[in-house]
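User: Could you take a close, friendly look at the charged side chains here? I'd like to know where they sit, what they pair with, and how the parts around them are arranged.

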Amino acid sequence: MDFQIRRATANNAPEVALLTRAAYAKWVPVIGREPLPMKADHEVAVREHLVDLLHVDGVLAGLVEMIPEPQWLLIENPVH
């Protein structure tokens, strides 16, 4: 298996949105609505936050969205 981690760019926003929706879709029937990460503006997230993408054999398999703060690093939206 070939694993690659790289920083997302604005061009990756649609992929980030699709993976996030797929990861959280199973919770819609449980909570009766779409979880907030499914409704997020992923174009803004990729532009304003740090989003790292995990590719396995060339396919997007996971991501983590981070917001750097002065004394910590907030993980906003982990998806795997």
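Analyst: **Charged partners and the sheet around them**

Let's begin with glutamate 34, which is partly exposed at 26% relative accessibility (buried is under 20% relative accessible area, exposed over 50%, partly exposed in between, with a 1.4 Å probe and protein chains only). Keep in mind that this is a predicted model, where local features need pLDDT of at least 70 and side-chain atom pairs pLDDT 80 or more, while totals for chains, interfaces and linings use all residues. Residues are numbered from 1 along each chain, and side-chain values use heavy atoms, without hydrogens or water.

Which residue does glutamate 34 form a salt bridge with? The partner is arginine 21, and their closest N and O atoms are 2.6 Å apart (a salt bridge needs a side-chain nitrogen of Lys or Arg within 4 Å of a carboxyl oxygen of Asp or Glu). Arginine 21 belongs to helix α1, whereas glutamate 34 sits in the loop between α2 and α3 (36-39), so this pair ties together parts that are 13 residues apart in sequence. (Helices here are DSSP runs of H or I with at least four residues, and strands are runs of E with at least two, numbered from the N terminus.) Arginine 21 is also partly exposed, with a relative accessible area of 32%.

How many salt bridges does a search of the whole structure find? There are two. Arginine 7 lies in strand β1 (residues 3-7) and aspartate 52 in strand β2 (residues 50-56), so here the pair ties together parts that are 45 residues apart in sequence.

Leucine 53 stands opposite leucine 63 in β3. The hairpin of β2 and β3 has two residues between the strands, and aspartate 57 takes a positive phi near 50° there.

Strand β3 (residues 59-68) also holds glutamate 65. This charged residue is buried yet has no salt bridge: arginine 47, the nearest side chain of opposite charge, is 11 Å away (Lys and Arg count as positive, Asp and Glu as negative, with His and the chain ends not counted). What does the side chain of glutamate 65 make a polar contact with? It contacts the side chain of histidine 49, at 2.6 Å (a polar contact is a pair of N or O atoms within 3.5 Å; within protein, one must be able to donate a hydrogen and the other to accept it, and residues adjacent in sequence count only if both atoms are side-chain atoms).

How values were computed:
Pairing = 2+ DSSP bridges.
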